[in-house]
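The following questions and answers concern the terms used to describe one structure. Please consider the structure first.

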Amino acid sequence: MQHPFKNYRIGFLFFGSFAGLIIILFSIVIWISYHYSVKEMVNKTSFYQESILNGLNKQMTIQSKDIQEISLAASRNNGIQKYTTGIDDDYTRFRTATDMTSDLSNLAYSIPIIYSVQMYLDNPPPSEMQGTVTYGNLQNLPKEKWYMSVRDSDSSWVGEHTIQTFRGDISVVSFARKIYDSNGQFKALLVFNIKASDLKIIIQGEDPTTNRILLDSGGRPIISTGDLSVRDYSQLIEKIGLLSGGVNKHWSMKYADSFIVWSKPFNSDWHILQVTPWNDLTKESRKMATILLSIGMIAIIIALLITLYLSKQFTKPILVLTKGMNDYPATFREDQLPSDYHNEFGLLFQGYRRLMNRIEELYRSLEQQHRRQREAEILALQAMINPHFLYNTLDQVNWMAIEAGQEQISRVLELMGKMFRIGLSNGESMIRIEEEIVHLECYMEIQQIRWGEGLTFTIEIPNHVKEYYIPKLTLQPFVENALMHGFHGRSAGSINIVAYEIEDELLFTISDNGVGIRADAEMNKKRKTGGYGMRNVRERMESYFGYPYGIEVDSEEGKGTTISIRIPKLREKTIKEGE
């Protein structure tokens with residue numbers, strides 16, 4: 001069956017994926033529209049609730065101002081002022097208390113919302129529990145739970161609390177005002193109690209299920225309606241700036257799982273907060289969101305199915321190509337790759353075929369190179385016959401010198417044979433330092449035979465250093481250079497070879513007391529760095545180790561030359577990769 005996309009560009013294959021992407025983007029747009037509609041609904045709800053709260057705030061302001069004015073008038077009542085200043089006559093005190101009680105009762109009856117009046121003063125008159133006006137001892141005032149609300153102010157609202165009456169405990173909200181004498185001394189506290197249920201009716205308005213909180217000008221909670229806990233919203237009150245006396249410029253916000261709207265007209269001392277559960281506010285919107293989400297999920301699934309089909313068609317030729325790569329070179333055949341693609345895949349298949357042909361050519365080239373290498377190795381093995389022939393010949397000449405009584409010639413031939421064997425070292429490029437020293441000692445002994453007592457040399461190398469490895473024939477060329485050039489024209493000379501350990505490095509110094517290097521020779525150092533042996537050693541150092549290892553020359557004309565050879569510590573004869 002012919003592949004459906006063999007004659008189309010790859011860009012066309014992405015068209016279906018692009019269509020799926022359009023569907024997904026369309027679903028995202030729908031979702032954004034939903035959130036925008038929720039935002040609009042929240043704004044409208046905020047405006048509507050704020051208008052209602054402003055109206056309730058005006059009602060609360062009117063009621064509170066009436067109570068505050070009545071409390072102010074009561075604090076200036078002549079009877080109250082006379083009684084609080086102290087009366088010695090019992091009859092006069094009784095008549096004054098009766099008039100004071102009557103006046104307070106009339107004030108309470110003038111405003112229906114006032115439930116009762118309490119007055120705390122020294123030497124309080126007796127009062128009936130079922131009466132509208134009751135008295136308490138000023139000394140007991142600090143024992144009241146709400147005392148802290150009025151302690152530091154002349155007048156203050158007291159949040160919802162309970163009072164004892166002949167009908168039992170009743171929940172009230174109170175307004176307290178302090179009474180002072182003419183000398184400014186605190187003499188009494190006048191408390192007007194309002195039934196909490198009556199105040200809640202004002203705060204609730206037309207909806208008894210509304211959750212609202214009433215706070216005074218200082219941000220202290222006074223009363224709440226609905227299923228609210230004022231404690232749970234204490235952080236919210238701080239956040240909008242009520243406790244500090246400020247007002248946030250925003251009149252609505254989302255807090256936890258609730259939507260908060262509050263009211264604080266500029267001429268009001270009250271703050272009213274309305275709390276609406278976020279789920280109730282967005283109930284209808286969530287239904288619409290569910291529908292939109294379902295449509296979006298269906299669209300995404302359809303887009304995924306289309307994309308999956310297109311991607312499968314897109315990856316099929318890639319799988320064919322990767323299978324051909326895995327099969328190479330064991331079972332790969334050139335006809336495994338289709339040749340009827342006329343798009344980018346066709347270019348890939350053609351490129352891979354050319355690559356395979358090129359690899360085959362390289363294989364054939366490597367086979368020819370391997371064959372030439374084997375031929376070179378055979379020639380090298382044949383060349384090794386010559387040194388062995390030389391050893392045998394030197395051995396025969398040595399026996400002839402012994403028979404002729406030429407002991408020095410015999411010793412020279414013996415040392416030369418040992419030097420040749422070390423130099424060959426079975427084809428190894430690295431030898432132990434101990435063998436290098438033996439090779440050097442053989443050479444020096446030959447030279448001493450020629451020079452006689454005029455040539456002296458010392459070798460100072462610790463025994464444990466001799467266990468390391470060094471490129472063979474490293475030291476001897478420099479000793480030979482000292483003999484050939486440093487001692488030229490002389491009959492005596494001294495050479496000192498010393499080895500030093502420096503952490504993971506070895507430093508060899510070869511010092512002589514010869515003629516040194518002339519200044520004109522120093523100028524030609526870059527062009528000519530010594531004889532064949534010295535150049536060979538220098539090039540091998542650079543090839544084996546590189547910087548910072550190598551050879552340094554320190555020479556002073558007429559005083560001698562010191563050669564420094566720095567190499568790493570080699571514990572094996574083979575240099576590993578990376579060392």
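A crossing is left-handed if the near helix is turned anticlockwise from the far one by less than a right angle, and right-handed if clockwise. This is a predicted model, in which local features need pLDDT of at least 70 and side-chain atom pairs count only at pLDDT 80 or more, while totals for chains, interfaces and linings use all residues. Residues are numbered from 1 along each chain as its sequence is written, and side-chain values use heavy atoms, without hydrogens and water.

Q: Which kind of crossing does α11 make with α12?
A: α11 passes α12 in a left-handed crossing.

Q: Why are α11 and α12 called roughly antiparallel?
A: The axes of α11 (residues 407-424) and α12 (residues 433-451) cross at roughly 155° and come within 9 Å. Angles under 35 degrees count as roughly parallel, over 145 as roughly antiparallel, 65 to 115 as roughly perpendicular and the rest as oblique. The two helices are therefore roughly antiparallel to each other.

Q: What makes Q447 buried rather than exposed?
A: Buried means under 20% relative accessible area, exposed over 50%, and partly exposed in between (1.4 Å probe, protein chains only). Q447 has a relative accessible area of 12%, and is therefore buried. Q447 lies in helix α12.

Q: With which residues is Q447 in contact, leaving aside its neighbours within four places in sequence?
A: Q447 is in contact (heavy atoms within 4.5 Å) with G452, L455 and L483, its neighbours within four places in sequence being left aside.

Key: Axes are lines fitted to C-alpha atoms, for helices over the stretch in contact, and angles run from 0 to 180 degrees between N-to-C directions. Helices (H or I, at least four residues) and strands (E, at least two) are DSSP runs, numbered from the N terminus.
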